[in-house]
Amino acid sequence: MRHFFRAGEVLPHLKTTCLYSTLLSTLCLVSMFSLSAQTPRKDSGADGPFTRESTTDSIRRNLLDFEVAISKKNYSDTRLRGKFPYVDFNRYPFYIYNVDTTKIGYILKGEAIPERILDLPLRMLNMPDGRTTTTLRELSSKEYLVLDLWAEYCAPCIKSMDKWEALYPKIKDKMQVVGVVNDAEYKGIVKVHERNWTRPQIIGPMAPILVRYFTQYGGVGPSIWIKDGKLFGRTSSKPVAPDYIFQIMKGKLDHIPDFINWDLDNQIQ
């Protein structure tokens, strides 16, 4: 049945009207989504990398709750006293330290090292002047400070420390090299004694704190490079020719080369 109105035109059937309305709405929605897809949000990264850090992660990265971050467990040293008679276990008890990683943040390459980290009191072994405490600020008297992170169970780490020891006479004018003992304190004394290391060693509860802060995840392996109060970079413990070290010292290279780079997203050991 047809319905007529003025001028004799045919009035569309109700179902036809609804169909046209639905099609028109669908076309409008498709057009809107198409336009949205072609116009990237400013923070989407479509017109460049999106590097803005979330507020939550920024707060977490800057946590430095040293006092509550460390716990320790004391093990019996009866057998060790007989094995290492030259170690003063009363002064360097057999403690294993653990770090609560929710209390300590981490640093990214190129960032300035916080004052609290630079002035953190550090227990030391093997200091040339006999001191038993110092800070990263005091250790940073040369152009570069290299912190080599090691533990006895990590064979490549021990070899890395050996490498820095052998290189030191050639780099000492511009580089200070310091070991960081992420292990029981007495093992620092044992390795210095067994391998004739001359480089100072950071021991005690602040050693694993530094390892956590400079690597994000903790562990051992990389060497941490500090320059002008900033994190210059990290090198892995891979056995490679040291030519890149001399190029950096001479100003011919202003970054850690990829083949030896140790990064948070590319943890090569």
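Q: Before the strands, what does it take for two strands to pair?
A: Two strands pair if DSSP finds at least two bridges between them. The model discussed here is a predicted one.

Q: How many bridges join β3 to β4, then?
A: Strand β3, residues 122–125, and strand β4, residues 133–134, are joined by two bridges and run antiparallel. Leu122 lies opposite Thr134 of β4.

Q: And which way does β3 pair with β7?
A: The pairing of β3 with β7, residues 201–203, is antiparallel and has three bridges. Leu125 has Gln201 of β7 as its bridge partner.

Q: What is the strand order in the sheet?
A: The order is β4-β3-β7-β6-β5-β8-β9, an open sheet of seven strands with mixed pairing. The edge strands are β4 and β9 (230–235), each of which pairs on one side only.

Q: How many bridges do β5 and β6 have?
A: β5 and β6 run parallel and are joined by seven bridges. Within that pair, Tyr144 stands opposite Met175 of β6.

Q: And how many for β8 and β9?
A: Five bridges hold β8 and β9 in an antiparallel pairing. Ile224 faces Arg234 of β9 there.

Q: How many residues of β6 are buried?
A: Seven of the seven residues of β6 are buried. Met175, Val177, Gly179 and Val181 point one way from the strand, while Gln176, Val178 and Val180 point the other way. As a general point, side chains in a regular strand alternate between the two faces of the sheet.

Q: Switching to helices: what span should α7 have?
A: Helix α7 has 17 residues, 155–171, and at 1.5 Å a residue it should span 24 Å. Its end C-alpha atoms are 24 Å apart, which agrees.

Q: Where does α7 bend?
A: The bend is at Glu165 and amounts to about 25 degrees. A proline, Pro169, follows within four residues.

Q: Which residues of α7 are buried, and what covers them?
A: The buried residues of α7 are Cys157, Ile158, Ser160, Met161, Trp164, Glu165, Leu167, Tyr168 and Ile171. Their cover includes β5 (144–150), β6 (175–181), α8 (185–195), β7, β8 (223–227) and α10 (243–249).

Q: Which residues touch the most other members of the largest nonpolar core?
A: That core has 39 residues, and those touching the most other members are Trp164, Ile171, Met175, Tyr186, Trp225, Ile245 and Ile248. Two or more core residues come from each of β5, α7, β6, α8 and α10. The largest share, seven residues, is from α7.

Q: What does Met175 touch?
A: Leaving aside residues up to four places away in sequence, Met175 touches Lys142, Tyr144, Val146, Trp164, Tyr168, Trp225, Ile245 and Met249.

Q: What does the second core include?
A: The second core is separate and has 30 residues, including Leu64, Leu118, Leu149 and Val178.

Q: New topic: how many disulfides are there?
A: The count is one disulfide. It joins Cys154 to Cys157, with the sulfur atoms 2.1 Å apart.

Q: Why is that disulfide called right-handed?
A: The torsion about the S-S bond of Cys154 and Cys157 is about 70 degrees, so the disulfide is right-handed.

Q: Are those cysteines buried or exposed?
A: Cys154 is buried, because its relative accessible area is 12% and the limit for buried is under 20%. Cys157 also counts as buried, at 0% relative accessibility.

Q: One more residue: where is Ala207?
A: Ala207 is in helix α9, residues 206–215. With 0% relative accessibility, Ala207 counts as buried.

Q: What does Ala207 touch?
A: Apart from residues up to four places away in sequence, Ala207 touches Val180, Val181 and Ile202. Ala207 and Val180 are 27 residues apart in sequence, while their C-alpha atoms are 5.9 Å apart in space.

Q: Finally, how many helices and strands does the chain have, and what share of its residues is buried?
A: The protein chain has 10 helices and nine strands. Of its 269 residues, 41% are buried. Among contacts with a separation of 6 or more, 67% are between residues 24 or more positions apart.

Terms used. Residues are numbered from 1 along each chain as its sequence is written. This is a predicted model: local features need pLDDT of at least 70, side-chain atom pairs count only at pLDDT 80 or more; totals for chains, interfaces and linings use all residues. Side-chain values use heavy atoms; hydrogens and water are left out. The expected span of a helix is 1.5 Å times one less than its number of residues. The bend at a residue is the angle between axes fitted to the seven residues ending there and the seven starting there. Buried means under 20% relative accessible area, exposed over 50%, partly exposed in between (1.4 Å probe, protein chains only). Contact means heavy atoms within 4.5 Å. A nonpolar core is a set of buried Ala, Val, Leu, Ile, Met, Phe, Trp, Tyr and Cys residues joined through side-chain atoms within 4.5 Å. A disulfide is a pair of cysteine sulfur atoms within 2.5 Å.
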